[in-house]
Amino acid sequence: MIFIQLILAHLLGDFILQPNSWVAEKENKKLNSKYLYLHVLIHTALSFIFLWNVELWWVAVLVGISHFIIDAAKLSFQTIKNKKSWFFIDQALHIAVIAGVSFYYNEFNFEFLKDQDFLKILMAALFLTTPASIFIKILLSSWTPVPETAGNIQTESLSSAGKYIGILERLLVFTFIMVNHWEGVGFMVAAKSVFRFSDLAQAKQRKLTEYVLIGTLLSFGMAVLTGILIK
């Protein structure tokens, strides 16, 4: 599998064999950094090694050249504010090049789109993300509590943290059910109870505790019911 071989080379070259000092110098000196060219050279060499096929030399060269172009673009346009966005853009473009080469050699096809079981699982997973969050929010809209004064208790939280925690927990519960490991669901419930409800008990806000408990049970219930229906 060319895709797997090149992904292995990418993981080694882009993360494991690239020290933080190299990254810092590249961000500072940009195209004038010697580590940019050394990084691309290492990446190209790793592609050669993992492919281990003389006829595929052009693939390693293509990966190396594209890697340089993508990294050079990232260094040229990246700022402190958009650094996170450029990291994901950079990785997506690298993987897209690898996927394109693999597609050229017919390693990929779209037959999976005809697999009804796959489509059902994909549909369920998508439902358990933002759509389920909206359903839960609407169901709880009439009970949204006004936070009471909690004295010196730290009540701030990360922006949209609750939404993403809910999405992750539903996807994990759904995954546990699909692979027939129901004990994982119990672990999730116990883990959230320890971390979440201990904070609420400390804040002594009964209405907020009840609100979070109902929301949690709705979230887990949707994930469990969706998993059962798909199974």
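Visitor: Where is Leu-119?
Guide: Leu-119 sits in helix 6. Bear in mind that this is a predicted model.

Visitor: Which residues form the nonpolar patch on the surface?
Guide: Leu-119 is one of them. The others include Met-1, Ile-4, Leu-8, Phe-103 and Phe-118. Together the patch residues have about 1100 Å² of accessible area.

Visitor: Which helices supply at least two residues each?
Guide: Helix 1, residues 2-16, and helix 6, residues 116-127. The largest share is from helix 6, with four residues.

Visitor: New topic. Where does UniProt place the "transmembrane region" feature?
Guide: The unreviewed UniProt entry lists residues 35-52, 87-106, 118-140, 171-191 and 211-230.

Visitor: How much helix is there over 118-140?
Guide: That stretch is 87% helix and 0% strand. Its end C-alpha atoms are 32 Å apart.

Visitor: And what about 211-230?
Guide: Residues 211-230 are 100% helix, with 0% strand. Their end C-alpha atoms lie 29 Å apart.

Visitor: Which residues of helix 3 are buried?
Guide: Among them are Tyr-35, Leu-36, His-39, Val-40 and His-43. Further along, Thr-44, Leu-46, Ser-47 and Leu-51 are buried too.

Visitor: What covers the buried residues of helix 3?
Guide: The cover includes helix 1, helix 2 (20-29) and helix 4 (57-77).

Visitor: Now the loops. What is the phi of Lys-30?
Guide: About 55°, a positive value, although Lys-30 is not a glycine. Most residues other than glycine have a negative phi. Lys-30 is in the loop between helix 2 and helix 3.

Visitor: How accessible is Lys-30?
Guide: Lys-30 is partly exposed, at 32% relative accessible area.

Visitor: What about the phi of Asn-106?
Guide: Asn-106 has a positive phi as well, near 60°. Asn-106 lies in the loop between helix 5 (83-104) and helix 6.

Visitor: Buried or exposed, that Asn-106?
Guide: Exposed, because its relative accessibility is 67%, and the exposed class begins over 50%.

Key. Residues numbered from 1 in each chain as written. Predicted model: local features only at pLDDT ≥ 70, side-chain atom pairs only at ≥ 80, totals over all residues. Heavy atoms only, no water. Patch = residues over 30% accessible without salt bridge, like charges linked within 9 Å, V, L, I, M, F, W, Y side chains within 5 Å. Areas by Shrake-Rupley, 256 points an atom, 1.4 Å probe, with all protein chains shown as cover. Salt bridge = Lys/Arg side-chain N within 4 Å of Asp/Glu carboxyl O. UniProt positions renumbered as here; feature names shortened; annotations may be inferred. Buried < 20%, exposed > 50% of the residue type's maximum accessible area, 1.4 Å probe, protein only. Contact = heavy atoms within 4.5 Å.
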